[in-house]
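Visitor: Could you please take me through this model step by step? I am new to reading structures.
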Amino acid sequence: FSESGNTYGGYAKNGTASSNTINVYGGYLSAIEGSIYGGYVSSGTAVGNAVNIYGGTVGGCVYGGCIQTGEAASQATSNTVSFYGGTIIGDICGGYSCNDMGDVTTGNTLNIGSADSPVSGLSAANLVNFQNLNFYLPSSITSGASVLTLTADKATTLGSASANANISAYLDGNTSLASGSKVYLINKSSIDAAATLTVYTGGTA
């Protein structure tokens, strides 16, 4: 539902917002003057939610799960944001706590495209609180191309003090990329990354 310009898959004042899904399609919901929350709680947990952006323009941020007032035991975890097309003007957040309390990273996953719908040339302001990042590259991608460009002039951190981020790049086996070609999974001048990168070509790591 929508409230104050924002769109929520699930909303709870206290308790749990879990297993909710929001799908945004270009041409159907072409612009949102606010942010999208897969799951949102004033106090509690926001886990296992999903947001799928297929097209259109999101005027604010995209949150898999968000806690307004977190505590040490609070969780905004195991949420998934999948970005297939369109434009996200704000940040993409796997989990978020407005007062920086609780676990807001563990198990949160970002998918840029999918095996059936590989993409490149997408953009957002920033990435926040993801443990797993999957990039699906089309066979037509060329050397020097960017899959996701981050536009905000603020810090981007991948991974945490307790766990590295897991980054996977899936490249179609029919690609015309030559040996030595460069592709930018995330295009930004500076990223603080504690991450493990695995590249899969034609289904093989």
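Visitor: Where is Asn52 placed?
Guide: Asn52 lies in strand E6, residues 50-53; strands are DSSP runs of at least two residues, numbered from the N terminus. Please note that this is a predicted model, in which local features need pLDDT of at least 70 and side-chain atom pairs count only at pLDDT 80 or more, while totals for chains, interfaces and linings use all residues. Residues are numbered from 1 along each chain as its sequence is written, and side-chain values use heavy atoms, with hydrogens and water left out.

Visitor: Does Asn52 count as buried or exposed?
Guide: Asn52 counts as buried because its relative accessibility is 13%. Buried means under 20% relative accessible area, exposed over 50%, and partly exposed in between, with a 1.4 Å probe and protein chains only.

Visitor: What does Asn52 touch?
Guide: Leaving aside residues up to four places away in sequence, Asn52 touches Thr21, Ile22, Asn23, Val24, Ser82 and Tyr84. Contact here means heavy atoms within 4.5 Å.

Visitor: How do strands E3 and E6 run, and how many bridges join them?
Guide: E3 and E6 run parallel and are joined by four bridges. Two strands pair if DSSP finds at least two bridges between them. Thr21 stands opposite Ala50 in E6.

Visitor: Which strands make up the open sheet?
Guide: The open sheet has seven strands with parallel pairing, in the order E3-E6-E9-E12-E15-E18-E21. Its edge strands, E3 (21-24) and E21 (195-201), each pair on one side only.

Visitor: A new topic, please. How many salt bridges does the structure hold?
Guide: The structure holds one salt bridge, a term for a side-chain nitrogen of Lys or Arg within 4 Å of a carboxyl oxygen of Asp or Glu. The side chains of Asp91 and Lys154 form this bridge, at 2.9 Å from N to O. The pair links distant parts of the chain, 63 residues apart.

Visitor: Why does Asp91 count as buried?
Guide: Asp91 counts as buried because its relative accessibility is 10%. Lys154, at 43%, counts as partly exposed.

Visitor: And which residues have the most contacts inside the largest nonpolar core?
Guide: They are Ile53, Ile92, Ile112, Leu133 and Phe135, in a core of 33 residues. A nonpolar core is a set of buried Ala, Val, Leu, Ile, Met, Phe, Trp, Tyr and Cys residues joined through side-chain atoms within 4.5 Å. Strand E18 (residues 165-171) gives this core its largest share, four residues.
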